[in-house]
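Hi,

Here is the structure I promised to pass on.

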Amino acid sequence: SSLFKVGFFKNTWLILVLALNLFLTLLVIYVPFLHDAFNTMSLNGSDWGSILLASVTIIPAMEVYKYMC
């Protein structure tokens, strides 16, 4: 069923896990001593723009796909 019918914030555990995932990802990206351990580097504004653009297209694309099928 559609995300808009179910409601995005209905699953509290999912929201908590997503927030934890975001926190840990930002930690690995921006804490300098973790760069060597995880072979990462800090992201700039254009990097985040690309990530945001790619991520905001996924939900509408899947909703259109569900509607069409």
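Met68 sits in helix α4, which runs over residues 45-68. Helices here are DSSP runs of H or I with at least four residues, strands are runs of E with at least two, and both are numbered from the N terminus. With a relative accessibility of 64%, Met68 counts as exposed; the cut-offs are under 20% relative accessible area for buried, over 50% for exposed and partly exposed in between, with a 1.4 Å probe and protein chains only. From Gly45 to Met68 is 23 residues along the chain, and their C-alpha atoms are 35 Å apart.

Before going on, please keep in mind that this is a predicted model, where local features need pLDDT of at least 70 and side-chain atom pairs count only at pLDDT 80 or more, while totals for chains, interfaces and linings use all residues. Residues are numbered from 1 along each chain as its sequence is written, and side-chain values use heavy atoms, with hydrogens and water left out.

By the rule used (a side-chain nitrogen of Lys or Arg within 4 Å of a carboxyl oxygen of Asp or Glu), the count is one. The partners are Glu63 and Lys66, with their closest N and O atoms 3.4 Å apart. Because they are three residues apart in α4, about one helical turn separates them. Glu63 counts as buried at 13% relative accessibility, whereas Lys66, at 39%, is partly exposed.

Together with Phe8, Phe9, Ile58, Ile59 and Met62, Tyr65 makes a nonpolar surface patch of about 650 Å². Patches take residues with over 30% relative accessible area and no salt bridge, joining nonpolar side chains (Val, Leu, Ile, Met, Phe, Trp, Tyr) within 5 Å and like charges within 9 Å.

What about the whole chain? The protein has four helices and zero strands, in the order α-α-α-α. Its C-alpha trace spans about 45 × 25 × 15 Å along the principal axes. The radius of gyration is 16 Å, while a compact globule of 69 residues would have one near 11 Å; this is taken over C-alpha atoms, and the globule rule is 2.2 Å times the number of residues to the power 0.38. Buried residues are 9% of the 69. The accessible surface is about 6,000 Å², 74% of it belonging to carbon and sulfur atoms (Shrake-Rupley method, 1.4 Å probe; for residues, only the protein chains shown count as cover).

Next, the largest pocket: it is lined by Leu18, Ala19, Asn21, Leu22, Thr25, Trp48, Ile51 and Ser55. The elements giving two or more residues to that lining are α2 (12-30) and α4, and α2 has the largest share, five residues. A pocket is an open set of points on a 1 Å grid over the protein atoms alone where a 1.4 Å probe fits, with protein on both sides within 12 Å along at least five of seven lines; lining residues have an atom within 4 Å of a point.

Asn39 is not a glycine, yet has a positive phi of about 55°. At 71% relative accessibility, Asn39 counts as exposed.

Cheers
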